[in-house]
Amino acid sequence: MSPRARRPAASSTSTRSGAPADGATRQPVTVTFLGGLGDVGRNCTVVEVDGKLLIIDFGVMFPDPAIMPGVQQVLPDMGWLNSRARDIVGLVVTHGHEDHLGGVPHFLRSIEVPLYGSALSMALAEHKVTEARLGDRTSFHVLGDGERRRIGPFDVEALPITHSVPQSLCIVVHTSAGALVHTGDFKIDESPVDGRLTDLARLRALGEEGIALLMADSTNADRPGRSASETEIGATLRRLFSERPERRLIVSCFASHLHRVQQICDAAIDEGRVVVPVGRSMVNNVRIARQLGVLKIPERALFGVEQLGSLDPSNVCIVCTGSQGEPNAALSLIANGSHPDIGVGPDDTVVLSSHPIPGNERAVFRMVSGLARRSAEVIHDGHELVHTSGHAQRDELRELHKACRPRWFVPIEGEYHMLARHAQLARELGMRAKRVLTLTDGAQITLKGPELQVRAGVPAPYHYVDGTLEDPDQEVIGERLALTAGFVHVTVVLDSGGRLAAAPDIASRGWLDVTKHADVVEALSEEIAQAVERAVKASRSSPDTDEVERVIRRAAGRFVGTRTRRRPAVSATVILLS
């Protein structure tokens with residue numbers, strides 16, 4: 001357990017009853033969805049009871065650079081939360097993935113709130129929060145498997161559930177309207193690496209008592225069957241490692257995927273190799289997980305990247321970050337030859353123990369090509385079973401629904417087509433169509449007794465993080481997108497009588513090659529000159545430079561769009577001689 005994490009005995013209760021702790025009053029319960037309904041990432045759900053708010057997850061989404069240039073992360077919007085800041089009593093983290101935990105430091109910059117989650121989730125959160133120098137704005141509280149905790153007016157139960165991150169939790173909020181079940185990310189792995197199984201028995205018991213609302217992961221709702229067990233990946237890794245005794249091994253996966261890291265390390269050590277963690281988050285997570293006993297790697301088998309030069313490459317297994325092609329992560333730097341300590345060549349085997357997140361495919365395959373150009377052998381899940389999803393497929397989702405038998409169901413955590421497929425599955429299992437709600441970010445629902453009302457909702461736009469600055473607005477993003485089509489600037493000089501003192505000057509970047517298309521630039525200059533002359537002639541007073549600049553921008557934009565079928569950013573400057 002993290003040294004600052006604590007589990008106050010006074011706030012815990014061992015009761016297993018599903019009845020509301022405060023008696024039979026049926027006060028309304030409102031659930032607000034601020035992220036994760038329509039995108040993979042930035043997950044955030046808010047439960048409201050008696051005017052108080054409990055937040056479940058506050059994650060990031062990794063942006064598509066094609067439509068969000070310059071953006072590093074996308075968060076749930078803080079506007080509505082800031083307006084209710086005094087009502088927030090806690091933030092519960094279901095597990096340690098960035099799309100559920102990664103936004104916590106940004107949240108704490110605006111709102112002070114205690115954090116709750118498993119020992120691993122709290123240790124990962126504490127590292128992030130301390131690194132951001134925000135430790136004085138929160139406290140860390142560990143929820144044990146099966147523990148029931150009072151957080152403000154909320155009666156919260158934490159159930160073990162399997163996922164690709166150890167110690168993932170299914171959160172149950174007991175209310176006067178019945179139990180609310182939030183799965184977080186999950187699969188139903190019958191042979192997990194750590195032996196910690198999903199508590200289906202407790203979910204069945206809750207289903208018998210009456211689950212008012214199920215909110216369940218929809219990421220793999222399109223995929224039939226069951227996801228492969230994590231232990232199957234270990235068997236593949238052992239075979240691949242044993243078949244390559246003379247080669248250096250480089251294996252990339254999520255730094256938070258500690259079950260996978262454990263299996264990589266076990267396979268490497270059994271083959272007589274040492275393990276070298278590479279990448280900031282990998283090094284930090286290995287250290288934290290070893291301290292908690294989540295990872296079991298002997299000290300003698302761990303080496304630092306600075307020691308690589310003294311090691312026989314055939315005795316080395318590098319485990320690193322960058323499986324999603326992130327430009328500054330270790331494997332991307334290795335692939336493009338810019339890593340300060342590691343290069344690759346024909347004696348290296350690189351294993352991508354992952355699958356591209358939707359939207360990351362191009363970056364991942366560009367990285368794979370970079371490794372191949374350097375003659376490294378590259379193995380990914382298109383070749384071998386080196387990755388399994390941490391998300392339930394359709395057979396596992398059916399098992400969850402049959403256990404819970406909820407009165408109402410909202411699919412969460414996925415792109416809209418995934419939510420729709422999960423909703424369809426619930427209807428196939430016999431749920432009435434009106435009790436299955438496919439919602440989008442910003443939606444609010446209120447339960448009162450057996451009834452549910454869909455409310456008008458709250459704004460839930462993207463909250464962008466841009467380097468050290470937060471929240472460039474959509475207008476700024478739009479301007480950046482415009483700049484990707486190039487830039488045209490027109491300078492016009494007018495004499496004291498408002499006449500053109502010289503031909504308009506055209507400067508451009510990224511629009512066209514002016515040496516090859518001088519005729520287009522000359523035609524644009526003539527078009528602008530005519531527009532300016534018409535505007536000045538129509539004016540009854542001395543030229544208004546702001547109005548002339550607007551005329552120039554309109555004329556230039558119209559010409560450029562018609563002549564070149566492009567939409568570069570256009571600006572103008574008018575200089576009036578005295």
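**Helix packing and sheet arrangement in the predicted model**

Helix α5 (residues 200-209) and helix α11 pack with their axes 7 Å apart, at an angle of about 45° (axes are lines fitted to C-alpha atoms, for helices over the stretch in contact, and angles run from 0 to 180 degrees between N-to-C directions). This angle makes α5 oblique to α11, because angles under 35 degrees count as roughly parallel, over 145 as roughly antiparallel, 65 to 115 as roughly perpendicular and the rest as oblique. On the α5 side the contact is made by L200, L203, R204 and G207, and on the α11 side by E399, L400, A403 and C404 (contact means heavy atoms within 4.5 Å). The model is predicted, local features need pLDDT of at least 70, side-chain atom pairs count only at pLDDT 80 or more, and totals for chains, interfaces and linings use all residues. Residues are numbered from 1 along each chain as its sequence is written, and side-chain values use heavy atoms, with hydrogens and water left out.

The protein chain contains 15 helices and 28 strands; helices (H or I, at least four residues) and strands (E, at least two) are DSSP runs, numbered from the N terminus. Of its 578 residues, 56% count as buried (buried means under 20% relative accessible area, exposed over 50%, partly exposed in between, with a 1.4 Å probe and protein chains only). The chain exposes about 24,400 Å², of which carbon and sulfur atoms supply 50%; accessible areas come from the Shrake-Rupley method with a 1.4 Å probe, and for residues only the protein chains shown count as cover. Among contacts in the chain with a separation of 6 or more, 73% come from residues 24 or more positions apart.

Eight strands form an open sheet of mixed pairing, in the order β9-β8-β7-β5-β4-β2-β22-β23 (two strands pair if DSSP finds at least two bridges between them). Its edge strands, β9 (140-142) and β23 (451-454), each pair on one side only. Neighbouring strands of this sheet are turned by 20° against each other on average, direction ignored. Helix α4 packs on the sheet and touches β8 and β9, its direction making about 170° with that of β9.

Within this sheet, strand β7 (residues 88-92) is largely enclosed by the rest of the structure, since five of its five residues are buried. Strand β5 (residues 52-56) pairs with β7 in the parallel sense over four bridges, and L54 stands opposite G90 in β7. The pairing of β7 with strand β8 (residues 115-117) is likewise parallel, over two bridges; here L91 has L115 as its bridge partner in β8. By contrast, strand β2 (residues 29-35) and strand β22 (residues 444-448) run antiparallel and are joined by four bridges. In that pair, V29 stands opposite L447 of β22.

A further open sheet consists of five strands in the order β16-β17-β15-β18-β19, with parallel pairing. The edge strands are β16 (274-278) and β19 (377-379), each pairing on one side only. On average, neighbouring strands here are turned by 20° against each other, direction ignored. Strands β15 (residues 248-252) and β17 (residues 316-320) run parallel and are joined by four bridges, with C317 of β17 as the bridge partner of L249. Helix α10 (residues 361-373) lies across β18 (348-352) and β19, and runs at about 170° to β18.

Helix α8 (residues 280-292) has 13 residues, which at 1.5 Å a residue should span 18 Å; the end C-alpha atoms are 19 Å apart, in agreement with that value (the expected span is 1.5 Å times one less than the number of residues). Its buried residues are M282, N284, N285, V286, I288 and A289. The cover over these residues includes α4 (119-131), α7 (258-270), β16 and β17. After α8 comes G293, whose phi is positive, near 80°.

Positive phi values also occur in residues other than glycine, including R405, near 45°, and E413, near 60°. R405 is found in the loop between α11 (394-404) and β20 (408-412), whereas E413 lies in the loop between β20 and β21 (414-415). E413 is buried, with a relative accessible area of 4%.
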